[in-house]
Amino acid sequence: MTSYPTPEFRRPALAPGILGAIVLLAGLALLDNAGGYLFIRFGVAILALIVCVFSYQARAWWWVVGLAAVAVLWNPVVPFEFHGQLWVALQFVAALVFVVAGILVRVRNPEDKNRRPARR
């Protein structure tokens, strides 16, 4: 038993959100290498869908739209071939979406004993 109080909320999307941002920023080095960037596409699309599921479970519907767009744009099966400054800017925007969604998507902790009962 711990002496610390149980946190009221959990942030289940924080770890995959930060990992998705790291993969996107690491992918900037591989933009010109089509073979290596394929692994970045897989990682980003899978992590976007994972954070999308956590957003859906937390009833944060607005993040589902942004993360679904990231999953589609970084789709490795039918890739979009963007180049230049637009694609680099989209990398940074997607990394920002990952981090902000990871921070803001939160669910109530079921172990919190001080929870108020649900209203009907």
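**View 1. Order of the elements in the protein.** From the N terminus on, the elements run β-α-α-α-α-β. There are four helices and two strands, where helices (H or I, at least four residues) and strands (E, at least two) are DSSP runs numbered from the N terminus. This is a predicted model, in which local features need pLDDT of at least 70 and side-chain atom pairs count only at pLDDT 80 or more, while totals for chains, interfaces and linings use all residues. Residues are numbered from 1 along each chain as its sequence is written, and side-chain values use heavy atoms, with hydrogens and water left out. Of the 120 residues in the protein, 32% are buried (under 20% relative accessible area; exposed is over 50%, partly exposed in between; 1.4 Å probe, protein chains only). Among contacts (heavy atoms within 4.5 Å) between residues at least 6 apart in sequence, 76% join residues at least 24 apart.

View 2. H4 has 20 residues and reaches 28 Å from its first C-alpha to its last, close to the 28 Å expected at 1.5 Å a residue (1.5 Å times one less than the number of residues). Trp87, Gln91, Ala94, Ala95, Val97, Phe98, Ala101 and Gly102 are buried in H4. These buried residues fall within an arc of 155° seen down the axis of H4, so they line one face of the helix; the arc is that of the directions from the helix axis to the C-beta atoms. They pack against helix H1 (14-27), H2 and helix H3 (61-73). Gln85, Leu86 and Leu96 are exposed, on the face of H4 turned away from its buried side.

**View 3. Serine 55 in helix H2.** Serine 55 lies in helix H2 and is buried, with a relative accessible area of 0%. Leaving aside neighbours within four places in sequence, serine 55 is in contact with Ala60, Trp63, Val64, Leu67 and Val105.

**View 4. The largest pocket.** The volume of the largest pocket is about 250 Å³. Of the 15 residues that line this pocket, Leu31, Tyr37, Arg41, Glu81 and His83 are the closest to its centre. A pocket is an open set of points on a 1 Å grid over the protein atoms alone, where a 1.4 Å probe fits, with protein on both sides within 12 Å along at least five of seven lines; lining residues have an atom within 4 Å of a point. Helix H2 (34-57) and helix H4 (85-104) are the elements that give two or more residues to the lining, and H2 provides the largest share, four residues.

Terms used: Grid points are joined across faces, edges and corners, and a volume is the space filled by probe spheres set on the points.
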